[in-house]
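Please walk through this model with me, from its salt bridges to its fold and its surface.

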Amino acid sequence: MSHNQQQRQQERQNSSDEDNNRRREGNTDEISFEQFLDGWLARQQRYLAELIHTNANAKEIPEEELKSLISRVLGHYQQYYEAKSTASRRDVFVLFSPPWFSTYERTFLWIAGFKPGLLLRILNKAVKDLTEDQSIRVRRIDTETKVAERELNQEMAAIQERVVSPGLVDLARRGGRLIDGETLDRDSEFQSLKEAMEAVVVAADYLRVTVTRKLVEVLNPAQAISFLTAATQLQVRIRVWGSQMERRRTN
């Protein structure tokens, strides 16, 4: 089978999966984030195979095909953040220690996701042929990202100071349900905390998406494929290693 045939077959498979996924998840209130994640991770494996193949043959592949794959991969990750946003509105607290991630995966969490600065480290290892102009733009993004991370760290620290209240901790564990003797003031305090946590998660996810797109815009299509391949490989490896560690602990 030629590369073009393989490419079209993979595109049809991923497109079919995305269409089926949208139909199943037309009402996101009817599907849990864990259910969504199972399908999303299966599609990610297929995207990773396509990325690895394309990265190895980038010089022989038309630029438009590279751009198409980049667009589809970014769209795949956008789906993740849209589903995560819905999960956050349901229960933002669970996102800070998600049961769908292994203990090892949770060690990489920063405000309910990966730290955006990790993307800069991945790019610097994966892409070795940056021009001087590209290097300047990447350094600028790096600086902006560090500033944004510090601001979000400060916001998160302020929220954590509020969480240390014993009453709020207990209320959070009960999902905000009041019991006899508790006042509506306590409920209002809890809702305020919940909204603050939702806001900081939204801001952190926006930063993750924005940094990814800014870096891709700096790169040419072949470089962007290398970057996305390395980023996806790392995510998949962390999940595999985490699952292996969990199995060893239970055996």
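A salt bridge is a side-chain nitrogen of Lys or Arg within 4 Å of a carboxyl oxygen of Asp or Glu. The model is predicted, so local features need pLDDT of at least 70, side-chain atom pairs count only at pLDDT 80 or more, and totals for chains, interfaces and linings use all residues. Residues are numbered from 1 along each chain as its sequence is written, and side-chain values use heavy atoms, with hydrogens and water left out.

By the salt-bridge rule, the count comes to 11. Start with Glu-50 and Arg-72, whose side chains meet in a salt bridge at 2.7 Å, N to O. Glu-50 sits in helix 2 (residues 33–56) and Arg-72 in helix 3 (residues 63–91), 22 residues apart, and the pair links distant parts of the chain. Helices here are DSSP runs of H or I with at least four residues, strands are runs of E with at least two, and both are numbered from the N terminus.

Are these two partners buried or exposed? Buried means under 20% relative accessible area, exposed means over 50%, and partly exposed lies in between (1.4 Å probe, protein chains only). Glu-50 has a relative accessible area of 4%, so Glu-50 is buried. Arg-72 is buried too, at 18%.

Next comes Asp-205, which forms a salt bridge with Lys-84; their closest N and O atoms are 2.8 Å apart. Asp-205 lies in helix 8 and Lys-84 in helix 3, so this pair ties together parts that are 121 residues apart in sequence. Asp-205 is buried, with a relative accessible area of 8%. Lys-84 is buried as well, at 2%.

Glu-105 and Arg-239 make another salt bridge, at 3.0 Å, N to O. Glu-105 belongs to helix 4 (residues 103–106) and Arg-239 to helix 9 (residues 221–250), so the pair ties together parts that are 134 residues apart in sequence. Glu-105 has 9% relative accessibility and therefore counts as buried. Arg-239, at 23%, counts as partly exposed. Elsewhere, salt bridges that share partners join Glu-63, Glu-64 and Lys-67 into one network.

Now step back to the fold. How many helices and strands does the protein chain have? There are nine helices and zero strands. Along the sequence the pattern reads α-α-α-α-α-α-α-α-α. Of the chain's 251 residues, 43% count as buried. Contact means heavy atoms within 4.5 Å. Take the contacts between residues at least 6 apart in sequence: 77% of them join residues at least 24 apart.

Thr-212 gives a local view. Helix 8 (residues 184–218) holds this residue. Its relative accessibility is 15%, so Thr-212 counts as buried. Which residues does Thr-212 contact, leaving aside its neighbours within four places in sequence? The partners are Leu-74, Leu-119 and Phe-227.

Finally, turn to the surface. The protein chain exposes about 14,100 Å², and carbon and sulfur atoms supply 50% of that area. Accessible areas come from the Shrake-Rupley method with a 1.4 Å probe; for residues, only the protein chains shown count as cover.

Lys-115, Arg-121, Lys-125 and Lys-128 gather in a surface patch of positive charge. Patches are made of residues with over 30% relative accessible area and no salt bridge; like charges are joined within 9 Å, nonpolar side chains (Val, Leu, Ile, Met, Phe, Trp, Tyr) within 5 Å. Lys and Arg count as positive, Asp and Glu as negative, while His and the chain ends are not counted. The place of a charge is taken as NZ of Lys, CZ of Arg, CG of Asp or CD of Glu. Within this patch, Arg-121 is found in helix 5 (residues 117–126).
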